[in-house]
Amino acid sequence: MEDLSHLFRLAADHAAGYRRSLPDRPVAVPVDQDALDTAFSGPLPSAPSPPEQVLADLIGAAEPGLVASAGPRYFGFVAGGATPAATAADMLATAWDQFATTAVSSPAAIAAETAAGAWLKELLGIPPSASTGFVTGCQAANTVGLAAARHQVLADAGWDVERRGLHAAPAVRVVAGEERHATIDRSLRLLGFGSDVVEPVAARPDGAMDPGSLREVLRAGSPGPLIVCLQAGNVNTGACDPLREAADLAHRHGGWVHVDGAFGLWAAAAPATRHLVDGVDLADSWACDGHKWLNVPYDSAFAFCAHPAAHAAAMSYTAAYLAGSGGTPAGAALTPESSRRARGFAVWAALRELGRDGVTALVDRCCALARRFATGLSAAGFEIANEVVLNQVLVGFGDDTRTDHVVRAVQADGTCWTGATTWRGRRYMRISVSNATTTEADVDRSVTAITRLAG
Ligand SMILES: *Cc1c(COP(=O)(O)O)cnc(C)c1O
């Protein structure tokens, strides 16, 4: 046990040192992937090794290939950091090694998910009666939400999809915005609909769904099982679909409304941005990430469902050895997993640490910093291609080739890290401010570096 304390302390000391280094270390350094592969490779060892040696070897091999994506100047994709309490709680989840399958396998893990689920629903404006599945990421959350939708719309048509599958099932219409996230299509593939099922709805210039187009698409089809996918938070512009109007339209056609709100749903947690997701409570299912804007370590996301019975019908399974677990469906009964990580501890810890005010401040601060980026880069003479309504900024540096050059130069420079994207047929630098530790100084330093490199 002495040895174990020493080993865990080594890991914790390294982890703390790494976190302390994040504000100062280059965000990404040019990596020699072959050298990294070599450092990890070699023949499968035949003999055991002392754990301390294994840890030292792992750190030595991994260090040159780590990306400071948890740090304050990483603006790529939509990547959050990880709060101190959430990180420490996740370490405990690992050490406790609970499997959060049922309240029998880990009463504490299920209790943490239940409590964190209630807090999340309150913050996100989701009805308290909704069920919550703690999943790996928003990809999984979309799949769970759409599986619950598939169950219900087919059950309403007299078809038991869990038993009979989709062969010979009544046709299901799936209507989704042309600006939907790519994971919606993969969820539809996994659920047996195929991505061709989508009837696309045109977007407004900001990337949000055009309700007029939704009305036309809905009217053009025949009545029957219908799923409508909406989005809160376009990955390029941050724009949110007009949820109230779209959900009303979809419901008038008897449809199930699923909202992909991986990061955008957090707009509900701050009074200044809440209007962007007005009507969010009207949906039937929601998908949201914890590992993006809430700053919980990967992997962490939530599948909420306004119809807990449909949620459980789509996801639960039984086995002889699970009989008697009983009670309210939880854990594995609300996710596509069986044995699963106790994800609730880290989420509970992040929410307990931040509190409602802290979450509101986090959302407000990231949005303000995104606007600061836009102001600074616009003053330097560059094009801001979107209205910065949330935490996403699109920047143009002249023609597409030049923009791609600037992005590559910024990535190689290491002061900060941004990605690139194609928006309305043109290339842009994409900046996402989603980290709880980013400061005004970080943004200013990044604007200076980008301006210098673009010159
Ligand atoms: C990130 C994102 C996803 C996918 O989430 P993962 O956590 O990467 O699985 C889905 N939808 C939107 C809008 C996203 O931003």
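How do the residues of the lining of the largest cavity divide into nonpolar, polar and charged?

1. **Ground rules.** This is a predicted model, in which local features need pLDDT of at least 70 and side-chain atom pairs count only at pLDDT 80 or more, while totals for chains, interfaces and linings use all residues. Residues are numbered from 1 along each chain as its sequence is written, and side-chain values use heavy atoms, with hydrogens and water left out.

2. **The ligand shell.** The ligand is surrounded by 15 residues, the closest being Gln139, Asp260, Asp289, His291 and Lys292 (a residue is near if one of its heavy atoms lies within 4 Å). Helix H6 (residues 138–156) gives the largest share of this shell, three residues; helices are DSSP runs of H or I with at least four residues, strands are runs of E with at least two, and both are numbered from the N terminus.

3. For His291, a polar side-chain atom lies 2.7 Å from an oxygen atom of the ligand. On its own the ligand has 380 Å² of accessible area, and the protein covers 85% of this (Shrake-Rupley method, 1.4 Å probe).

4. **Cavities.** A search of the whole structure gives three cavities of 30 Å³ or more. The grid has a 1 Å spacing over the protein atoms alone; a cavity is a set of points where a 1.4 Å probe fits but cannot get out, and lining residues have an atom within 4 Å of a point. A volume is the space filled by probe spheres set on the points, which are joined across faces, edges and corners.

5. **The largest cavity.** Its space is about 80 Å³, and its 16 lining residues include Gly177, Glu179, Arg180, Gln231 and Asp241, which lie nearest its centre. To return to the opening question, the lining divides into seven nonpolar, four polar and five charged residues. Strand E4 (residues 226–231) gives the most, three residues.

6. **The second largest cavity.** This one has a volume of about 40 Å³. Among the residues that line it are Gln231, Asp260 and Lys292. Gln231 also lines the largest cavity, while Asp260 and Lys292 are also in the ligand shell.

How values were computed. Polar contact = N/O pair within 3.5 Å; in protein donor to acceptor, adjacent residues only side chain to side chain. 1 Å grid on protein atoms, 1.4 Å probe; cavity = no way out; pocket = protein on both sides within 12 Å on 5 of 7 lines; lining within 4 Å. Nonpolar A, V, L, I, M, F, W, Y, C, P; charged D, E, K, R; others polar.
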